[in-house]
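Please walk through this structure step by step, with the sequence and the model side by side. The explanation begins with paired charges, then turns to packed helices and a nonpolar core.

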Amino acid sequence: MGRLRRSRTHHAQRDVHRAARTRARTRDLDQIQLIDLDPKNRAALEAQPLDYEKPGLAQHYCVECAKYFETDHALQSHWKSKVHKRRCKALREPAYTIEEAERAAGLGREGKRPTSAATPMEQEMAV
């Protein structure tokens, strides 16, 4: 057995995986729920004017996944895929509110004593 040739596909890039992760970023679920799924915005996204910069001239767009497709056949096969069905299932759950995010970070008011209310000792002295 001889030596195996080393693969030279990365061309001296140290972190290929990080570059791949940040390159094809799609819209977040809360952006789609709050903006794109609104009936007015959805109708505008589904009937976009011709755009020569986007795939398929921007005529085949999946609103739930925020993706453009080359042909109508590709869009219809995407609608039947697991990826699209998973995304639709995730969109059925309500979006997080700011209060829920603050509570998760430990900044909420849950479990804290109110600061403006008088203590029981102060209430007895006032009577």
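**Charged pairs, packed helices and a core**

The structure holds four salt bridges, a salt bridge being a side-chain nitrogen of Lys or Arg within 4 Å of a carboxyl oxygen of Asp or Glu. This is a predicted model, in which local features need pLDDT of at least 70 and side-chain atom pairs count only at pLDDT 80 or more, while totals for chains, interfaces and linings use all residues. Residues are numbered from 1 along each chain as its sequence is written, and side-chain values use heavy atoms, with hydrogens and water left out.

Side chains of opposite charge can pair when their charged atoms come close. One of the salt bridges joins the side chains of arginine 42 and glutamate 46, at 3.2 Å from N to O. These two residues are four apart in helix α3 (residues 39-46), and therefore about one helical turn separates them; helices here are DSSP runs (H or I, at least four residues) and strands likewise (E, at least two), numbered from the N terminus. Arginine 42 also meets glutamate 64 in a salt bridge, at 2.8 Å from N to O. This second pair links distant parts of the chain, since glutamate 64 lies in the loop between β1 (61-62) and β2 (67-68), 22 residues apart from arginine 42 in helix α3. Through shared partners, the salt bridges join Arg42, Glu46 and Glu64 into one network.

Buried means under 20% relative accessible area, exposed over 50%, and partly exposed in between (1.4 Å probe, protein chains only).

Elsewhere, arginine 27 and aspartate 36 meet in a salt bridge through their side chains, at 3.1 Å from N to O. Arginine 27 is partly exposed at 32% relative accessibility, but aspartate 36 is buried at 5% relative accessible area.

The next feature is a pair of helices. Helix α2 (residues 29-36) and helix α5 (residues 82-92) pack at an angle of about 70 degrees, with their axes 10 Å apart. Leu29, Ile32 and Gln33 of α2 make the contact with Arg87, Ala90 and Leu91 of α5, where contact means heavy atoms within 4.5 Å.

Finally, the largest nonpolar core consists of six residues: Ile32, Leu45, Tyr61, Val63, Ala66 and Leu91. Such a core is a set of buried Ala, Val, Leu, Ile, Met, Phe, Trp, Tyr and Cys residues joined through side-chain atoms within 4.5 Å.

Definitions and conventions
Axes are lines fitted to C-alpha atoms, for helices over the stretch in contact, and angles run from 0 to 180 degrees between N-to-C directions.
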